[in-house]
Amino acid sequence: MKKEIDISIVIPLYNEEENVELLHEFVSKALRESGRRWELIMVDDGSSDATLAILKKIAAEERNLKVISFRRNFGQTAAMAAGFDLAEGAVVIPMDGDLQNDPEDIPKLLEKVEEGFDVVSGWRKNRKDRFINRKLPSIIANWLISRITGVYLHDYGCTLKAYRKEVLENINLYGEMHRFIPALASLNGARVTEIPVNHREREYGTSKYGISRTFKVILDLVTVKFLLSYSTKPIQIFGGLGISSLMLGFLSFVEISVSKFVYGADVTGNPFFLLFILFILIGIQFISMGLLGEINIRTYFESQGKPIYVIKEIVGGEEKS
């Protein structure tokens with residue numbers, strides 16, 4: 001009989017040969033001391049150095065370690081998604097592979113989960129990174145994400161988080177979406193909280209991410225906002241934009257009419273004549289997009305038998321003798 005697992009640790013790795021052995025040592029030590037049943041899943045994201053070879057060597061001696069190897073580099077989100085798919089623990093905790101996350105924080109995350117929270121996000125309160133190219137973009141991004149999603153966290157970018165397994169089962173990850181999991185989970189009614197965690201300076205290797213990643217995050221944020229607010233009612237956003245455009249077209253038409261019939265002006269050179277045509281066409285297009293979105297949404301949910309809600313539990317209703 002297969003034993004149940006309490007904790008699954010998921011660690012994406014890309015060219016971290018200098019960190020792998022120490023990382024395994026620190027994480028496995030913290031997990032053994034926790035007294036819980038655990039597994040460690042390390043995902044090699046197409047490394048070009050000796051990362052995979054070292055992982056295989058460790059796996060030959062560590063029965064609690066699973067190693068996933070990608071054929072090429074797919075990115076951190078894909079690596080994390082693969083780990084989540086194979087995780088068997090009741091609680092899933094992702095971590096970075098650069099030794100900057102502290103395994104000693106794992107028990108604190110689990111304590112908050114046991115209090116009833118579904119997502120516990122780490123907050124690198126004293127972050128050990130450069131201010132200009134790492135901390136400043138992160139501060140701006142976290143403020144923006146919190147304002148737009150309505151889920152207020154200090155540190156969306158911290159990989160160290162704890163999730164109940166059932167929360168992850170309803171979330172599909174693309175692009176850089178792993179950082180938005182707390183916001184996406186809240187869409188399904190998950191209870192989200194945040195706790196300060198330790199953050200250590202990188203001792204070995206170099207960071208694989210720069211300021212350019214911020215722009216990708218902003219683009220993904222647009223997707224997340226749409227999913228949070230309009231995923232089951234696209235006509236409301238596209239229809240609203242369409243009606244606004246039609247109203248502007250109507251106002252342009254009023255201006256043209258006044259110029260023509262009140263002042264007798266020639267409207268052929270009037271810029272409002274072009275604006276009238278433009279706004280009417282844009283309005284019709286937006287409303288058409290909303291209707292097409294509604295059709296696609298219904299096709300998606302009805303063809304797969306997916307409900308537009310998520311049930312936490314059902315109590316009572318059983319026939320009593």
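How many helices and strands does the protein have? The protein has 10 helices and seven strands, where helices (H or I, at least four residues) and strands (E, at least two) are DSSP runs numbered from the N terminus. The model is predicted: local features need pLDDT of at least 70, side-chain atom pairs count only at pLDDT 80 or more, and totals for chains, interfaces and linings use all residues. Residues are numbered from 1 along each chain as its sequence is written, and side-chain values use heavy atoms, with hydrogens and water left out.

**Overall figures**

Of the 321 residues of the protein, 43% count as buried; buried means under 20% relative accessible area, exposed over 50%, and partly exposed in between (1.4 Å probe, protein chains only). The accessible surface comes to about 18,400 Å², and carbon and sulfur atoms hold 58% of this area. Accessible areas come from the Shrake-Rupley method with a 1.4 Å probe, and for residues only the protein chains shown count as cover. Among the contacts (heavy atoms within 4.5 Å) in the protein with a separation of 6 or more, 78% are between residues 24 or more positions apart.

Helix 2 spans residues 51-59, and its buried residues are Thr51, Leu52, Ile54, Leu55 and Ile58. Because these residues cover an arc of only 160° around the axis, they lie on the same side of helix 2; the arc is that of the directions from the helix axis to the C-beta atoms. An α-helix has 3.6 residues a turn, so residues three or four places apart point the same way. The buried residues of helix 2 pack against strand 1 (5-13), helix 1 (20-34), strand 2 (38-44) and strand 3 (65-69). Ala53, Lys56 and Lys57, on the other side of helix 2, are exposed.

Glu62 lies in the loop between helix 2 and strand 3. With a relative accessible area of 8%, Glu62 is buried. Leaving aside residues up to four places away in sequence, Glu62 touches His24, Ser28, Arg32 and Trp38. Its side chain also takes part in polar contacts with the side chains of His24 and Arg32. A polar contact is a pair of N or O atoms within 3.5 Å; within protein, one must be able to donate a hydrogen and the other to accept it, and residues adjacent in sequence count only if both atoms are side-chain atoms.

In the loop between strand 1 and helix 1, Asn19 is buried at 1% relative accessibility. The side chain of Asn19 makes a polar contact with that of Glu16.

| Side chain | Partner side chain | Distance |
|---|---|---|
| Glu62 | His24 | 3.3 Å |
| Glu62 | Arg32 | 2.7 Å |
| Asn19 | Glu16 | 2.6 Å |

**Nonpolar cores**

A nonpolar core is a set of buried Ala, Val, Leu, Ile, Met, Phe, Trp, Tyr and Cys residues joined through side-chain atoms within 4.5 Å. The largest such core has 33 residues, of which Phe84, Ile171, Leu173, Phe180, Ile181 and Val224 touch the most other members. At least two residues of this core come from each of strand 2, helix 3 (76-86), helix 6 (165-168), helix 7 (181-187) and helix 8 (213-230). Helix 3 supplies the largest share, five residues. Another core, of 30 residues, lies apart from it and includes Leu65, Leu99, Leu110 and Val113. In soluble globular proteins, nonpolar side chains tend to be buried together.

**Residues with positive phi**

Most residues other than glycine have a negative phi. Asn15, although not a glycine, has a positive phi of about 55°. Asn15 is placed in the loop between strand 1 and helix 1 and is partly exposed, with a relative accessible area of 21%. Leu99, also not a glycine, has a positive phi near 70°. Leu99 is found in the loop between strand 4 (89-94) and helix 4 (106-114), and its relative accessible area of 10% makes it buried.

**Strand pairing**

Two strands pair if DSSP finds at least two bridges between them. Strand 4 and strand 6 (residues 161-164) run antiparallel and are joined by two bridges; Val91 has Arg164 in strand 6 as its bridge partner. Strand 5 (residues 119-123) is joined to strand 6 by three bridges, and these two strands also run antiparallel. Val119 stands opposite Tyr163 in strand 6.
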